[in-house]
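Biologist: Let us go through this model and ask what each term applied to it rests on. Please give the value behind each label.

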Amino acid sequence: MTSPGRERLRRLSAAALASSAADDDRVVEPTPWGLGIIVTVACALFATFLLVGVYELIGGLVPWLGVAAVVVVTVGLGWTLWDLRDRPVWRWIVWGSLIGLLAGSGSAVALLALGR
């Protein structure tokens, strides 16, 4: 006679073995570095130009308000994108966008310092 705890442990180990066998059947595809880098650069440029445009639009009226708008957009998009960074296809878009958000924020601060 087996105890309920031992029976549960036996079922869990059998389930773990079955899931690991299913994981071994998956085909591992190579990482598309060339296309991924192109997507990352495109997203970085888009995000940078987006933030510079936001700064130019709002900063033309009140410069410090332009930087505040850039910070709001950067924090909002960065917070949203951070959850998607580990997904296979989204990682290229996310990392490019995050790099672009940092570059755009830095550009907005530089434009404020230059008086534009």
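Biologist: Which residues does Ser97 touch, not counting residues up to four places away in sequence?

Modeller: This is a predicted model, and in it Ser97 touches Cys43, Ala44, Ala47 and Leu81. Ser97 itself lies in helix α4.

Biologist: Why is Ser97 called buried?

Modeller: The relative accessible area of Ser97 is 13%. Buried means under 20%, so Ser97 is buried.

Biologist: How many of the residues of the protein count as buried?

Modeller: Of its 116 residues, 24% count as buried. The accessible surface comes to about 8500 Å², and 72% of that belongs to carbon and sulfur atoms.

Biologist: What makes up the secondary structure of the protein?

Modeller: There are 4 helices and 0 strands, and along the sequence the pattern reads α-α-α-α.

Biologist: Which residues touch the most other members of the largest nonpolar core?

Modeller: That core has 14 residues, and Tyr55, Val70, Val94, Leu98 and Leu101 touch the most other members. At least two residues of this core come from each of α2 (33-59), α3 (63-82) and α4 (90-114). The most is given by α4, with 5 residues. In soluble globular proteins, nonpolar side chains tend to be buried together.

Biologist: What does Val94 touch, not counting residues up to four places away in sequence?

Modeller: Val94 touches Leu81, Leu84 and Arg85. Leu81 is also among the residues touched by Ser97.

Biologist: How do you know how α2 and α3 are placed, in terms of their axes?

Modeller: Two packed helices are described by the angle between their axes and the distance between the axes. For α2 and α3, the axes come within 7 Å and cross at roughly 145°. The crossing is right-handed. On the α2 side the contact is made by Leu50, Leu51, Val54, Tyr55, Ile58 and Gly59. On the α3 side the residues include Pro63, Leu65, Val70, Val73, Thr74 and Leu77.

Biologist: What makes up this contact of α2 with α3, by nonpolar, polar and charged residues?

Modeller: The residues divide into 12 nonpolar, 3 polar and no charged. Gly counts as polar here, so Gly59 of α2 and Gly66 of α3, both in the contact, are placed in the polar group.

Biologist: How much of the contact in the protein joins residues at least 24 apart?

Modeller: Among contacts between residues at least 6 apart in sequence, 64% join residues at least 24 apart.

Methods. Residues numbered from 1 in each chain as written. Predicted model: local features only at pLDDT ≥ 70, side-chain atom pairs only at ≥ 80, totals over all residues. Heavy atoms only, no water. Buried < 20%, exposed > 50% of the residue type's maximum accessible area, 1.4 Å probe, protein only. Contact = heavy atoms within 4.5 Å. Areas by Shrake-Rupley, 256 points an atom, 1.4 Å probe, with all protein chains shown as cover. Core = buried A, V, L, I, M, F, W, Y, C linked by side-chain atoms within 4.5 Å. Axes fitted to C-alpha atoms, helices over the stretch in contact; angles between N-to-C directions. Left-handed = near helix turned anticlockwise from the far one by under 90°.
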